[in-house]
Amino acid sequence: MQQPFRYLPFSSPHFQLVTALLTLTTRHANTSLPMSTSLSSLPPLPPSPPPSSNTHPPRSSHAAQHGAKPDRRPRQRAKYVNPSKVANQPPDPLYYFEDGLRKVHPYYYTYNTFCKERWRDRKLVDVFLEEFRDRPEEYYTKAIAAGTVCVTPTDGQGQARLASRSGLDTIIRNGDMVSHTLHRHEPPVTSQPVRVVFEDADIIAISKPAGVPVHPTGRYNYNSVTEIMRSERSGFNPMPCNRLDRLTSGLMFIAKHRAAAERFMTQLKTRTVHKQYVARVRGRFPDGDVECDQPILLISPKLGLNRVRADGKHAHTLFRRESYHEKGDYSIVRCLPTTGRTHQLRVHLQFLGHPITNDPIYCNRRVWGASLGKGGAGDDEDIITRLGRMGKEEVADAEAYHGEVVGEYEKRKAEKMTGELCKVCETPLYSDPGPHELGIFLHALRYECEDGGWAYETPLPEWALEGEEAEGRELP
């Protein structure tokens, strides 16, 4: 009976051989490996090299020769070897550009993550089916059964305690490392560059393009701000000091060393940094200052859905309408958050009845109905079910699709499953996103220190300047 790949510990020489073959598969399209590889199909391991002539004898042998007691001191455990250090080789070339998009050729990759608190004492297959939506459920079931998804018990510090285990009955325990090796398909992002606003010996202030995540997350790895900057600056290790949603554009700060990162993040945590955003929202936003202090709760980690809930985290935002465009029935609104919850501005604007006009989550009639979630309307389970279909069977269309913002061609050109499968790994393939899907009308405009020591600002995006029929104040 053939021994499957799932029984290989990371330290096994055969594991190193398999990961080397995975790398070759990435670079040569005519080579492929099935999801589960049998050891009998692999070439034999090379013989161990003979010991060097100047090799010292073991401590116990040396002691025995002189009549001394053998050394019984406990040996240190071998440090856990992260398989991603072996298997994860970037494609060459790293990027290619096509139709205004930055793209990455598919490649083999091993995800590694420690057990999260909500995963403890649950089945591995249940966690993947409930929390990940990149692949169909059938893929995750087969991958876990085949061993390309496995669990390695560690001491929580990166040192393995036992060999890896896998299977549909595998339970995840506290301290386990979950690893998933797959043929990775990254979604394309905009080809717009990461522009530098300011740079000194400590910090780089940049303007992040909409649609590009800050760091590797989910389906994105090399198509992220940190990896793009790493590829453009040899030997550079970018350290993001603030976060923006993937779909949000605007000002970000990248530290060049740890001390600078700690100083800046301390200012953010103590709320001594004032932040200004600008958004384009549906309808005529009210006059004057509008405050929203509704708490926000993560409803679905799998979908990244947040809603206003009494048991959520405290959140506070001040809004101010800058102009109203009657022809398109939208307002340009200045947003001044004093807290930094995930999707805070998007959720607060939706709650107020003025969602961002092209937000595929919070301004989507197919998900929220005619109310678009105003005042927290809508049942959570129904919302999650409908949102789960977006980008799979249906296009994730925002309210702006029903107006003149998006043309008929762009409505058709949208990211969703094409019905085709990858010839290497048989994963469903997605179409390229349309230009309207690469970002939303939300931009981080300005950050300034409370004591006036520094202030940085980016130019207004084009969508905040459109139209001459605007009624209201002009943006500075």
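1. Strands β14 (residues 289-292) and β17 pair in the antiparallel sense over 4 bridges; pairing requires at least two DSSP bridges between the strands. Within this pairing, E291 stands opposite L318 of β17. Helices and strands here are DSSP runs numbered from the N terminus (helices H or I, at least four residues; strands E, at least two).

2. The model is predicted, with local features needing pLDDT of at least 70 and side-chain atom pairs counting only at pLDDT 80 or more, while totals for chains, interfaces and linings use all residues. Residues are numbered from 1 along each chain as its sequence is written, and side-chain values use heavy atoms, with hydrogens and water left out.

3. β17 also pairs with strand β18 (residues 330-337), in the antiparallel sense and over 8 bridges. F319 has C335 of β18 as its bridge partner. The two strands, β17 and β18, form a hairpin with 4 residues between them. In the turn, D329 has a positive phi of about 50°.

4. β17 spans residues 317-325 and is mostly covered, with 8 of its 9 residues buried. Buried means under 20% relative accessible area, exposed over 50%, and partly exposed in between (1.4 Å probe, protein chains only).

5. For the protein as a whole, there are 11 helices and 22 strands. Of its 476 residues, 47% count as buried. The accessible surface comes to about 24,700 Å², and carbon and sulfur atoms account for 50% of that surface; areas are from the Shrake-Rupley method with a 1.4 Å probe, and for residues only the protein chains shown count as cover. Among contacts (heavy atoms within 4.5 Å) between residues at least 6 apart in sequence, 65% join residues at least 24 apart.

6. E131 is placed in helix α4 (residues 124-131). E131 counts as buried because its relative accessibility is 12%. Its side chain makes polar contacts with the side chains of R118, at 2.7 Å, and W119, at 3.1 Å. A polar contact is a pair of N or O atoms within 3.5 Å; within protein, one must be able to donate a hydrogen and the other to accept it, and residues adjacent in sequence count only if both atoms are side-chain atoms. Leaving aside residues up to four places away in sequence, E131 touches R118, W119, R122, P301 and K302.

7. A search of the whole structure finds 17 aromatic pairs. One of them, Y139 with Y140, is edge-to-face, at 5.5 Å centre to centre and 75° between the planes. Both residues count as buried, Y139 at 11% relative accessibility and Y140 at 4%. The Y362 and W368 rings have their centres 6.4 Å apart and their planes at 25°, so this pair is stacked. Rings of Phe, Tyr and Trp (its six-membered ring) pair if their centres lie within 6.5 Å, with planes under 30 degrees apart counted as stacked, over 60 as edge-to-face and the rest as tilted. Y362 is buried at a relative accessible area of 0%, and W368 is buried at 6%.

8. One aromatic cluster is formed by F198, F253, F264, Y447, W454 and Y456.

9. Two arginines lie over tyrosine rings. The charged end of R184 sits over the ring of Y109, 4.5 Å from its centre. R219 lies over the face of Y430, at 4.4 Å from the ring centre. The criterion is NZ of Lys or CZ of Arg within 6 Å of the ring centre and within 35 degrees of the ring normal.
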